[in-house]
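Entries follow in the order I looked things up.

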Amino acid sequence: MKKILISMLALLCLTTACSKAENKPTPEPSSNPVISVVDLPVTQAPIAQPEFETTWALTSTDGYGILESTFSNIKIIMNSPGTEIFGVQTYHEGLPLIHGVTYHLSFDLSATIERPVEVFIMNVDDSAIEFTQMLTATENGTHYEFDIKIQGNTSWNGRLAFNTGAPTPETTYDYHEVTISNLILQEASDGPTEPNIKINQTGYLPNAQKKVVFPFDQGDCFQVIDANTNTVVYTAPILRKLYNESTKETTFYGDFSDFTTPGRYRLQSQLNGTSYEFEIQEDLYHNLLDQTVKMLSLQRCGQTLTADWAGAFAHEQCHTQIATIYGTDQQLDVSGGWHDAGDYGRYVPTGTKTVIDLMLAYQMNPHLFTDAIGIPESGNGVADILDEARVELEWLLKMQNGWGGVYDKVVTAQFPDFIMPDQDQAPLYIMQEMTTSTGDFVGAMALAYSIYQDIDPEFARRCLDAAKLSWDYLQSATLSVYTNPEGFSAGQYSDDNDTDERYLASAALYAATGEQKYLDSVKTIFQASADQLTGVQWKTMGSYGTYLMLKLSDVQNADSAFYQQLLSKLITDAEQVLNATSNDGYFVSLYSAYAWGSNADIANNGLILALANDIRANVNYVNSAADHLHYLLGRNSLNLSFVTNSGIHSPQHLHHRPASAANALLPGALVGGPDSALEDPVTQSMFNGDTAPAKCYVDDAESYSTNEVAIYWNSPLVALISAVENAN
Ligand SMILES: [Ca+2]
Ligand SMILES: [Ca+2]
Ligand SMILES: [Zn+2]
């Protein structure tokens, strides 16, 4: 029985991965030098880990051996050596071998008898042998190191192998064991050094989950190395082989959550991988949080930005000219607020989403927001995030007309050139009132009443009165869908469903007032249209409404059946995000749907998890929310931290008019990220339908579909960073 099994195994191996190696004539010995051969006193014991599956394989074509490998420790039990050295081969495949790059190979070799062992590296694609050496294994063990420069073709299918058959047909060995341990194969430091272990480049909080991603097979284990002392401080297994559709990579991951010591580190995988240096520290994201809020202040419109706080983005008052209500000769002062993105339009749907994110971020974790981020209102005794949100709220109040309707936007007919905002003198137009914008406005204003009533009761009351007027208007207003009139090319932000905005409006007003008519409206909309109430996007605002309702203890106490329905809804929203991450190599939730603003989609999904966690604490939501942040800060296939001035490698060439005009980098800004629809000429010239969706990104100021920034992309990031910081 046993013999049959052995021969079947041999046949299987001959017909698959090993066939080329056995048919190859013995190559000339490599001229690569042995750098050092030192005695090894003790063989390290393997570290047992759960989930581990070794990536080493053994083929016996002539003799017979059994492989017992745990990561970093390969034991070959030799029952019969056969007649050829390569008759028993232990190997690992899928290694990148890049032409011209030098790789450093090191390991400890020992055996229970003294005997020769052959090591070699081969390009499986064309069977070229890049390196081979005959070594001697002894009972005491020997440490070997080699530098190997790849002379042949580049391959992503390199094989590293150890041959332990008989060196000659006449050789006979009794039962013995050969052990290879502490094996490392990596690019030598003088080679191209694009790190290929993907991390959050800003780093990890000490007690947080710490996962890293390997975008190809890098062996069985990886090490955490102290960057100052160059010593290994932690070793962990590499886990879960997965084909990741969105990046077209075979990914693995590692987890060193148990290592919590603050410091500066880098990672090294067993085969061929390194990472950027990163930190483990408390308060690691705090400066970033301040910068992402301050980014909004640099988008301010209608006021003078002075260089002492705005730096290169200083400018005189902009867009203060009286605007015309489109299609009429009526004129209105609608100065103020923020420029939306890389353009100078101001849009109610995106502006309201932004202020809601800021206010909820503050409401969930007020202690994280300081009065010192470097805006004109720093030091006034109010958290700067609320000062900043108020800039937009004051503008939104100007966008409401006398009967409660809220205009959709203020724009120029065409996008301006790449000039500073105060140079843009084109006529301003106010576009028609919309039920979607009005619902958004009510949601933002009613929430503002709750947030600001202790800070500025008079302002809070103005917000509440405005919200009530617009809610009344909404009850008799019917949906219309915005499209640009002829001759206009501004951002449209068209929304053909106002159910979610009406729901948010009623929920926020019920939270602010406790009045029955608002609760009745929430219930009516929820019972009829719950399936339309998921989302924290400018177009789908429903999850905000559900969250605001669930924050109210009186809903839980007075109507527990309805409360349970609302709770189930928010938990379902969060579980959908969580489920989407389960087969993603980078632990994010977009499947392969990387559309315009994909980074904001990721931030928004992280925000949904944070909102759900705030209602029902769940460590899975905490960890997954952090996973979404880790992606944005560098743990992605592009090895890029998508927020300017963060991490080691971040965008430099934003699609942003002031940045181009001032020739400066806007700090703390989240770029749109990969867009597989290729919606600008730059990405169209670089990528095609075969490009992996999550790789369709370019750091180019002309790539408006992947490298623009926006207020409503930064705002969920603000909320996400603060939620992750608070949870850990
Ligand atoms: Ca302040
Ligand atoms: Ca909508
Ligand atoms: Zn302006």
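I began with the lining of the largest cavity. Strand S21 (346-347) and strand S22 (407-411) each give at least two residues to this lining. The model is a predicted one, and I read every entry below with that in mind. The largest cavity holds about 90 Å³ of space. I found 15 residues lining the largest cavity, with Tyr 344, Gly 345, Val 411, Thr 412 and Pro 416 closest to its centre. I sorted that lining by class and got 8 nonpolar, 4 polar and 3 charged residues.

Next, how many cavities of 30 Å³ or more are there? I counted 2. The second largest cavity has a volume of about 30 Å³. I listed its lining as Leu 289, Asp 290, Val 293, Phe 369, Thr 370, Ile 373, Asp 384 and Ile 385. Helix H3 (286-297) and helix H6 (384-398) are the elements that put two or more residues into this lining. H3 gives the most, with 3 residues. By class, the lining of the second largest cavity has 5 nonpolar, 1 polar and 2 charged residues.

Asp 384 turned up again when I moved to the metal. Among the protein donors of the calcium ion (ligand 1) is Asp 384 (OD). Which geometry do the 6 donor atoms make? Their angles at the calcium ion (ligand 1) run from 72 to 172 degrees, so I logged the arrangement as octahedral. Along the sequence, I wrote the donor spacing as D-x5-E-x2-N-x1-V-x1-D-x2-D.

Then I turned to the open space. The largest pocket has a volume of about 890 Å³. I counted 38 lining residues, and Trp 538, Trp 596, Gly 597, Tyr 712 and Trp 713 lie nearest the centre of this pocket. Helix H13 (560-581), helix H14 (598-615) and helix H18 (711-727) each give two or more residues to the lining. H14 gives the most, with 5 residues. Where does the largest pocket lie? Domain 2 (328-494) and domain 3 (497-579) both give residues to its lining, so I placed the pocket between them.

Last, I checked the record. An unreviewed UniProt entry annotates residues 285-720 as "domain: Glycoside hydrolase family". I found the end C-alpha atoms of residues 285-720 to be 11 Å apart. That span is 47% helix and 4% strand.

Terms used
Residues are numbered from 1 along each chain as its sequence is written. Chains are lettered from A and ligands numbered from 1 in the order in which they are written. This is a predicted model: local features need pLDDT of at least 70, side-chain atom pairs count only at pLDDT 80 or more; totals for chains, interfaces and linings use all residues. Side-chain values use heavy atoms; hydrogens and water are left out. On a 1 Å grid over the protein atoms alone, a cavity is a set of points where a 1.4 Å probe fits but cannot get out, and a pocket is an open set with protein on both sides within 12 Å along at least five of seven lines; lining residues have an atom within 4 Å of a point. Grid points are joined across faces, edges and corners, and a volume is the space filled by probe spheres set on the points. Domain bounds come from an automatic or database domain assignment. UniProt positions are given in the numbering used here, feature names are shortened, and annotations may be inferred rather than shown by experiment. Donors are N, O and S atoms within 2.8 Å of the metal (3.2 Å for Na, K and Ca); water is not among the atoms, so sites may look incomplete. Four donors count as tetrahedral if all angles lie between 85 and 135 degrees; four count as square planar and six as octahedral if opposite donors are over 155 degrees apart and all others between 65 and 115; anything else is irregular. Ala, Val, Leu, Ile, Met, Phe, Trp, Tyr, Cys and Pro count as nonpolar, Asp, Glu, Lys and Arg as charged, and the others, Gly among them, as polar.
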